[in-house]
Amino acid sequence: MKTLFIGGVKSGKSRLAEDYVLQRCGNEKPYYLATTEFFDDEMKARVAVHQQRRQDSFITIEEPVKLLATLQDLDRPVLVECVSMWLNNALYHQIPESDILQELDAVLQLPVELILIHNEVGLGVIPDNRLARQFIDLSGKAAQLMGRHCDRVFFCSAGLKLQMK
Amino acid sequence: MKTLFIGGVKSGKSRLAEDYVLQRCGNEKPYYLATTEFFDDEMKARVAVHQQRRQDSFITIEEPVKLLATLQDLDRPVLVECVSMWLNNALYHQIPESDILQELDAVLQLPVELILIHNEVGLGVIPDNRLARQFIDLSGKAAQLMGRHCDRVFFCSAGLKLQMK
Amino acid sequence: MKTLFIGGVKSGKSRLAEDYVLQRCGNEKPYYLATTEFFDDEMKARVAVHQQRRQDSFITIEEPVKLLATLQDLDRPVLVECVSMWLNNALYHQIPESDILQELDAVLQLPVELILIHNEVGLGVIPDNRLARQFIDLSGKAAQLMGRHCDRVFFCSAGLKLQMK
């Protein structure tokens, strides 16, 4: 079973996904795969809020880049927070786009239950910045791949979710 | 009863919200709370289009900042156009984020029927500009607060609405 | 019959619209109206991917500006890829906004079956750039016009569609 929560910045997708995975797991403690590398203070503050909310409900793993290697050993539901940050890190480490998408495809074939969080970034005006455009493209390709393989997809806005699949 | 219309720029959310409130009110004339401060000619032109459409269907009140104080004295449905502009004005007047969200929370507890219009701004690529990021964050937090308290939430695009709640 | 597919960059709207039109046409070969002018290599590469996918399923017509004149002679379903690019081209050729919207309105009254693809660009933060704001406005007005006249409207994200109408 694979589930995708896609939405904008501060759309409430993280909280919706956390509630969803905790409800599905019952007494079993799910994994929380944090993909954030701590680049700056603003990012740190943002992550701290998420951590506080998770408290003791999850077993946290931090891995910014090696998504497939990390996930293939896990045997309980994993909340991946978030795919966008992993894409960002992979680009930063100059991994070619085709390799990134191939790894994501392999991740989506794993038997482990995955709950994936992803930023929708393609609904604004196309930016001048070429790197930003490259990221939007990769992000959208990744979203389509997840949309195809996931059993359920929720679009999030205003802390609410609309089921697309 | 509280209702939220959330959508992008020129998504038709204002017209959809106006039609909705007029339909709900029947013969009773609803209030129209305009939160815009007239910063420049472009903004003035945009507001003029809205005003022309409202004609004599609403009792218009203009208040860019004091949302709670203005709304607590009203006893008929109020269309708030729009929450995003009020957030923008509050930031401009250097009201701290926590105070802004607390005031919005209090507004959402008022007994008066509210129809709230809000811009979704978090679905584009994250901007370089720190102030823009701060606004996106505040806007999203406000949207989540409204999403939680509102009885009905509509996501708008292409002049159409999708009910999220 | 008129159908609109609206969504972000790389939302999968093109593929969804292509599948939709091919399914509706059965053995009849539909038209594919490509509105792109080949401005740069990045755009060329993007278009090449679309062309490869279309293969022999469509009769391709290339017309960046004269939408009404091109469409009024066609008697089989036409996939218009995409309205956003046509708006962009029309602005580039300094056609006034009111003329552009009037032409689109006339297009939407034609008897021919149309499947229209359009970018939603209004869900990000409002850009500093005045031209970008002008484009967002025009794009939203065009989307509302299409939303009003189309029989079916689909909002696309992650390669999936949500029916709005």
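Tutor: Start with a cut-off. A residue counts as buried when its relative accessible area is under 20%, and as exposed when that area is over 50%. Keep in mind that this is a predicted model.

Now take A:Ser157. Its relative accessible area is 0%, so A:Ser157 is buried. The residue is found in strand β6 of chain A. Which residues does A:Ser157 contact, leaving aside its neighbours within four places in sequence? One is in chain A, namely A:Ser11. The others are in chain B: B:Ile6, B:Glu120, B:Phe155 and B:Met164.

Next, the sheet in chain A. The sheet is open and has seven strands. Their order is β3-β2-β4-β5-β1-β6-β7, and the pairing is mixed. So β6, the strand of A:Ser157, stands between β1 and β7 in that order. The edges belong to β3 (59-62) and β7 (160-163) of chain A. Each edge strand has a single partner, so one side of each is left without a neighbour in the sheet. From one strand to the next, the twist averages 20°. At the β3 end, β2 (residues 31-34) of chain A pairs with β3(A) in the parallel sense, over four bridges. In one of these bridges, A:Leu33 has A:Ile61 of β3(A) as its partner. Helix α1 (residues 13-25) of chain A packs on the sheet. The helix touches β1 (2-7), β2, β4 (78-81), β5 (114-119), β6 and β7 of chain A. Its direction makes about 175° with that of β5(A).

Strand β6 (residues 152-157) of chain B pairs with β7(B) in the antiparallel sense, over four bridges.

How are chains A and B related? Two copies of a chain are related by a rotation about an axis and a shift along it. Here a rotation of 120°, with 0.0 Å of shift along its axis, superposes chain B on chain A, and the RMSD is 0.0 Å. The two copies are thus related as by a three-fold rotation axis. In chain B, the C-alpha nearest that axis is that of B:Gly124, 2.4 Å from it. Chain C is superposed on chain A by a rotation of 120° with 0.0 Å of shift, again with an RMSD of 0.0 Å. In chain C, C:Gly124 comes closest to the rotation axis, at 2.4 Å for its C-alpha.

Look at strand β1 (residues 2-7) of chain C. Six of its six residues are buried, so the strand is largely enclosed by the rest of the structure. In a regular strand the side chains alternate between the two faces of the sheet. In β1(C), C:Lys2, C:Leu4 and C:Ile6 point one way. C:Thr3, C:Phe5 and C:Gly7 point the other way. The strand has partners too. With β5 (residues 114-119) of chain C, β1(C) pairs in the parallel sense over six bridges, and C:Leu4 stands opposite C:Leu116. With β6 (residues 152-157) of chain C, β1(C) pairs in the parallel sense over five bridges, and C:Phe5 stands opposite C:Phe154.

C:Ala143 lies in helix α6 (residues 130-149) of chain C. Its relative accessible area is 4%, so C:Ala143 is buried. Not counting residues up to four places away in sequence, C:Ala143 touches C:Leu4, C:Ile6, C:His118 and, in chain B, B:Ala158. C:Ala143 and C:Leu4 are 139 residues apart along the chain, yet their C-alpha atoms are separated by 8.8 Å.

Finish with an open space. The second largest pocket has a volume of about 320 Å³. Its lining has 13 residues. Nearest its centre lie A:Glu42, A:Arg46, B:Glu97, B:Asp137 and B:Lys141. Helices α2 (41-54) of chain A and α6 (130-149) of chain B each supply at least two lining residues. The largest share, six residues, comes from α6(B).

How values were computed
Residues numbered from 1 in each chain as written. Chains lettered and ligands numbered in written order. Predicted model: local features only at pLDDT ≥ 70, side-chain atom pairs only at ≥ 80, totals over all residues. Heavy atoms only, no water. Pairing = 2+ DSSP bridges. Axes fitted to C-alpha atoms, helices over the stretch in contact; angles between N-to-C directions. Contact = heavy atoms within 4.5 Å. Least-squares fit on C-alpha atoms with pLDDT ≥ 70 in both. Buried < 20%, exposed > 50% of the residue type's maximum accessible area, 1.4 Å probe, protein only. 1 Å grid on protein atoms, 1.4 Å probe; cavity = no way out; pocket = protein on both sides within 12 Å on 5 of 7 lines; lining within 4 Å. Points joined across faces, edges and corners; volume = space filled by probe spheres on them.
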